[in-house]
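Subject: Structure for you to look at

Hello,

Here is the structure I promised to pass on. Please open it and keep it beside you while you read my notes.

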Amino acid sequence: MTITIFLADDHRVVRSGIRALLEAQPDFEVIGESEDGLETVQQVEKLHPDVLIVDLMLHGISGIEVCRQVIKHSTRTAVVLLSMYGNESYVQGALRAGAKGYLLKESTVDELTSAIREVMKGRHYLSAALSQRAIESYIKQTESDAVADPYEQLSTREREVLHMVVRGYTGADIAKRLFISPRTVEAHRANLMRKLNLRNHSQLLRYALQKGFVPPEPEALKNAEMADETGEGSGPG
């Protein structure tokens, strides 16, 4: 039986390398690829691959939000998150969103192929570097955390706006990407800030860093500090 795969990563060279490795397997077929989160969701809903391999960080919305939307609309597709970050919060976020697997980019080819075959059997798979912690404990923790997580109360559109705001998109950019008006973007932003109990842009950036929606790199931290200094986004709207 051929296993169909969709590949999402924001680096073309990385996608090409992973695609070549996957297509070396006689029963694997890569049926599409993308560098953009929103486009990935649309293509997966259209193509219904058996497995989606998605990078944690994409253009537009993050891989975790892609996973959440794919699981909701394309139930036959198993999702494997691929990331350079092994933070526990990221792994829990991925499992909470419905991912069946979480692999570090340092993983071997054998690990990647094993992950795909395992999730096709309905099982969970964690990268070997993470497997010392029981998958069951991750799932139990994420299920209990999800009940009290205000992020779960956001609408799909509010989550999309959140992800694009913290990735540096302007209101006009977001409006264009989502086919809504700038005023509607601001309304969604105000609603999500209220639901998350955040007062300014700095707090929003720090929240996104904690949730794994933006990479924990110096540039992101610098942006948060600049927002503190300038008072950017001091109100929820």
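Start with I3, whose bridge partner in β2 is F28. I3 sits in strand β1, residues 3-8. Strand β2 covers residues 28-34. Six bridges join the two strands, and they run parallel. Further along, L7 stands opposite E33 in β2.

Now look at which way the side chains of β1 go. I3, I5 and L7 point one way. T4, F6 and A8 point the other way. Are these residues buried or exposed? All are buried. Six of the six residues of β1 are buried, so the strand is largely enclosed by the rest of the structure.

**The sheet**

In what order do the strands of the sheet lie? The order is β2-β1-β3-β4-β5-β6. The sheet is open, has six strands and shows parallel pairing. β2 and β6 (125-126) stand at the edges. Each has a single partner strand, so one side of each is left without a neighbour in the sheet.

Next, find β3 and β4. β3 is residues 51-55, and β4 is residues 78-83. They pair in the parallel sense over five bridges. Within this pair, L52 stands opposite V79 in β4.

**Helices to find**

The protein chain has eleven helices and six strands. Begin with helix α1, residues 12-23. Together, β1, α1 and β2 make a right-handed β-α-β unit. α1 lies across β1, β2, β3 and β4. It runs at about 165° to β2.

Then go to helix α4, residues 88-97. Seven of its ten residues are buried, so α4 is largely enclosed by the rest of the structure. Those buried residues are Y90, V91, Q92, G93, A94, L95 and A97. Just after α4, G98 takes a positive phi of about 110°.

**Salt bridges**

How many salt bridges are there? The count comes to 15. Here are some to look up.

- R117 and D27: the closest N and O atoms are 2.6 Å apart. R117 is in helix α5 (residues 109-120), and D27 is in the loop between α1 and β2. This pair links distant parts of the chain, 90 residues apart. R117 is partly exposed, with a relative accessible area of 29%. D27 is also partly exposed, at 21%.
- K105 and D55: the closest N and O atoms are 3.2 Å apart. K105 lies in the loop between β5 (101-104) and α5, and D55 lies in strand β3, so the pair ties together parts that are 50 residues apart in sequence. K105 is partly exposed, with a relative accessible area of 33%. D55 counts as buried, at 6% relative accessibility.
- K195 and E158: their side chains meet at 2.9 Å, N to O. K195 lies in helix α9 (residues 182-196) and E158 in helix α7 (residues 156-166), so the pair ties together parts that are 37 residues apart in sequence. K195 is partly exposed, with a relative accessible area of 30%. E158 is buried, at 5%.
- A network: salt bridges link R15, R19, E23 and E33.

**The whole chain**

The protein chain has 237 residues, and buried residues make up 49% of them.

The mean pLDDT of the protein chain is 83, and 83% of its residues reach 70 or more. Where is confidence highest, and where is it lowest? It is highest in strand β1, at a mean of 96. It is lowest in helix α11 (residues 218-230), at a mean of 50. Over residues 227-237, pLDDT stays under 50. The model has 24 contacts beyond four places in sequence for that stretch. Where pLDDT is low, the predicted coordinates should not be read in detail.

Best wishes

Methods
Residues numbered from 1 in each chain as written. Predicted model: local features only at pLDDT ≥ 70, side-chain atom pairs only at ≥ 80, totals over all residues. Heavy atoms only, no water. pLDDT = per-residue confidence, 0-100. Helix = DSSP H or I, 4+ residues; strand = E, 2+ residues; numbered from the N terminus. Contact = heavy atoms within 4.5 Å. Pairing = 2+ DSSP bridges. Right-handed = clockwise from strand over helix to strand, strands pointing away. Axes fitted to C-alpha atoms, helices over the stretch in contact; angles between N-to-C directions. Salt bridge = Lys/Arg side-chain N within 4 Å of Asp/Glu carboxyl O. Buried < 20%, exposed > 50% of the residue type's maximum accessible area, 1.4 Å probe, protein only.
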